[in-house]
Amino acid sequence: MIIADYLWWHYRVGLKEAVSHSLILLRAIGNYFSLAPLATSLFAPWRRVREPYRPGSTISGYLWTLAENFVSRLVGAAVRLIVISAGLLAAAAAIAVRAAYVLIWMAFPLVILGCFLAGAALLAS
């Protein structure tokens, strides 16, 4: 009865919790790297650095302001893309590690049984 209860817990409750913790980890990585806010504000100016357009300015003044604002947006996009890439890389690593963990979790009772049977065979010989 104890073995059946353990196997029930291990493959039903424990496996469900292991997968649930994996999803929580992925959500935490997404929050840590702020993936959703960075993706939605990808082309926003870097640190809100923005040059205002001055009324009555010449065409060269407007073009200079346009170029400064464009460079600020490019810098913002580059920095955000680097952080998003790091976040996605961390998420991919977490998925690989947690997938290996779940596979080991599923195989662990079989490993215990194999060790038990190997020990019994050594005692019998």
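This is a predicted model: local features need pLDDT of at least 70, side-chain atom pairs count only at pLDDT 80 or more; totals for chains, interfaces and linings use all residues.

Residues are numbered from 1 along each chain as its sequence is written, and side-chain values use heavy atoms, with hydrogens and water left out.

**Stop 1: the helix pair**

Select residues 2-32, helix α1, together with residues 59-124, helix α3. Helices here are DSSP runs (H or I, at least four residues), numbered from the N terminus. The two axes come within 10 Å and cross at roughly 175°; axes are lines fitted to C-alpha atoms, for helices over the stretch in contact, with angles running from 0 to 180 degrees between N-to-C directions. So α1 and α3 are roughly antiparallel to each other (that label takes angles over 145 degrees). Colour the residues of this contact by type and you get 20 nonpolar, five polar and one charged. Nonpolar takes in Ala, Val, Leu, Ile, Met, Phe, Trp, Tyr, Cys and Pro, charged is Asp, Glu, Lys and Arg, and the others, Gly among them, are polar.

**Stop 2: along α1**

Centre on Gly14, where α1 bends by about 35°. A bend is the angle between axes fitted to the seven residues ending at a position and the seven starting there. Now show the buried residues of α1: His10, Gly14, Leu15, Ala18, Ser22, Ile29 and Gly30. Buried means under 20% relative accessible area, exposed means over 50%, and partly exposed is in between (1.4 Å probe, protein chains only). What do the buried residues of α1 pack against? They pack against α2 and α3.

Zoom in on His10, which is buried at a relative accessible area of 1%. Setting aside residues up to four places away in sequence, His10 touches Leu15, Trp105, Phe108 and Pro109, where contact means heavy atoms within 4.5 Å.

Ser20 is also in α1, but counts as partly exposed at 34% relative accessibility. Draw a C-alpha to C-alpha line from Ser20 to Tyr53: they are 33 residues apart in sequence and 51 Å apart in space.

**Stop 3**

Step on to Ser34, in the loop between α1 and α2 (35-40). Most residues other than glycine have a negative phi. Ser34 has a positive one, near 50°. With 29% relative accessibility, Ser34 is partly exposed.

**Stop 4: along α3**

Zoom out to take in α3, with its 66 residues. From first C-alpha to last, α3 reaches 95 Å, close to the 98 Å expected at 1.5 Å a residue; the expected span is 1.5 Å times one less than the number of residues.

Pick Ser72 in α3, buried with a relative accessible area of 8%. Leaving out neighbours within four places in sequence, Ser72 is in contact with Ala44, Pro45, Trp46 and Val49.

Next comes Ala93, also in α3 and partly exposed at 42%.

Where does α3 bend by about 40°? Go to Ala107, with Pro109 following within four residues.

Notes: Helices (H or I, at least four residues) and strands (E, at least two) are DSSP runs, numbered from the N terminus. Angles under 35 degrees count as roughly parallel, over 145 as roughly antiparallel, 65 to 115 as roughly perpendicular and the rest as oblique.
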